[in-house]
Amino acid sequence: MEVPILKQGDFLIATVQAALTDADLLHLRTALVQHVVRSRSRGVIVDVTSLDVMDSFASRTLRDLDHMIRLRGAETVIVGIQPEVAFAMVQLGLRLEDVATALDLEEGLAYLNQKFKSST
Amino acid sequence: MDDETRVRINSDQDIVVARQKGRSLAMALGFSSGDATLVATAISELARNIVSYAKTGDIVLKVIHGSANSGISGIQVVARDNGPGIPDVQQALRDGFSTSGSLGLGLPGVMRLVDEFHIASVESQGTTVSIKKWKH
């Protein structure tokens, strides 16, 4: 299941639309890092609204993605983690550590715009 | 509804299949969506351990019932493999322990997601983890 990546101005938006296998997650990570380089994007939004399970592998891959994007000088925001998914993640002991999160796509864009504005 | 569903675990795709079946079963039994998510997440971690450590195994989902007349139902998930086994189960159940060096919280985390947790492991023979989640 390939995750579509849209370019919107300085940002990239990846919207997860179905359950992702480990291979899909790794593919998404690689594709986003490459796309950030190619399009000289300043920020990346990963919309996980339709993800019904965030297990240890998914959390770790999103954390790695965030770190890789940051090494490129861009920012990542994970948006749309469902309440039940958040509950399960905390019970399981998973942490996204210093990865930025936002309620939804709109909030994620607002976060990046704010960040972008204050850095120029 | 079948009383028992077996999912063969050979690859990362099977992890997704197993947890989706677990969620469907939980929803069919009337679990809250939150509890169904806990069941699906626990299955994902158990199936992941099979793929990471044993390569292949089985996840068996079963509807269970509480003591007679209690009317309580739940789900039992048994994850079984013939992999290398866990040399020190007590250690593996402590938070922060991992032999793959990457996760560090598999089993203790799963234990927190469910109501009952049982593990049996014999070195070089395999591991069986059985969990139960009751409908609240």
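## The contact between the chains

The contact between the two chains draws 23 residues from chain B and 17 residues from chain A, two residues being in contact if their C-beta atoms, placed from the backbone, lie within 7 Å. On the side of chain B that touches chain A, the elements giving two or more residues are helix H1 (12-28), helix H2 (33-54) and helix H4 (106-113) of chain B; helices (H or I, at least four residues) and strands (E, at least two) are DSSP runs, numbered from the N terminus. The largest share of that side, nine residues, is supplied by H2(B). By class, the side of chain B that touches chain A holds six nonpolar, 10 polar and seven charged residues, where Ala, Val, Leu, Ile, Met, Phe, Trp, Tyr, Cys and Pro count as nonpolar, Asp, Glu, Lys and Arg as charged, and the others, Gly among them, as polar.

## Basis and confidence of the model

This is a predicted model, in which local features need pLDDT of at least 70 and side-chain atom pairs count only at pLDDT 80 or more, while totals for chains, interfaces and linings use all residues. Residues are numbered from 1 along each chain as its sequence is written, and chains are lettered from A and ligands numbered from 1 in the order in which they are written.

Chain A averages a pLDDT of 94, and 98% of its residues score at least 70, pLDDT being the predictor's confidence in each residue, from 0 to 100. Within chain A, confidence is highest in strand E3 (residues 43-47), at 98, and lowest in helix H4 (residues 105-118), at a mean of 92.

## Helix H3 of chain A against chain B

The axes of helix H3 (residues 83-92) of chain A and H2(B) come within 9 Å and cross at roughly 45 degrees; axes are lines fitted to C-alpha atoms, for helices over the stretch in contact, and angles run from 0 to 180 degrees between N-to-C directions. That angle makes H3(A) oblique to H2(B), since angles under 35 degrees count as roughly parallel, over 145 as roughly antiparallel, 65 to 115 as roughly perpendicular and the rest as oblique. Glu84(A), Val85(A), Phe87(A), Ala88(A), Gln91(A) and Leu92(A) of H3(A) meet Ser33(B), Gly34(B), Thr37(B), Leu38(B) and Thr41(B) of H2(B), a set that divides into five nonpolar, five polar and one charged.

H3(A) also meets H4(B), their axes coming within 7 Å and crossing at roughly 130 degrees, and these two helices are therefore oblique to each other. Here Ala88(A), Gln91(A) and Leu92(A) of H3(A) face Gly109(B), Arg112(B) and Leu113(B) of H4(B), giving three nonpolar, two polar and one charged residues.

## The sheet of chain A

Chain A has an open sheet of five strands in the order E1-E2-E3-E4-E5, with mixed pairing; two strands pair if DSSP finds at least two bridges between them. Its edge strands, each pairing on one side only, are strand E1 (5-8) and strand E5 (100-102) of chain A. E3(A) pairs with strand E4 (residues 75-79) of chain A in the parallel sense over five bridges, and Ile45(A) stands opposite Val77(A) in E4(A).

Helix H1 (residues 22-39) of chain A packs on the sheet, touching E1, strand E2 (11-15) and E3 of chain A. Helix H2 (residues 56-71) of chain A also packs on the sheet, touching E3 and E4 of chain A.

## Strand pairing in chain B

In chain B, strand E2 (residues 57-65) and strand E3 (residues 73-81) run antiparallel and are joined by nine bridges, with Val60(B) opposite Val78(B) in E3(B). E3(B) is also joined by eight bridges to strand E5 (residues 126-134) of chain B, again antiparallel, and Gln76(B) stands opposite Lys132(B) in E5(B).
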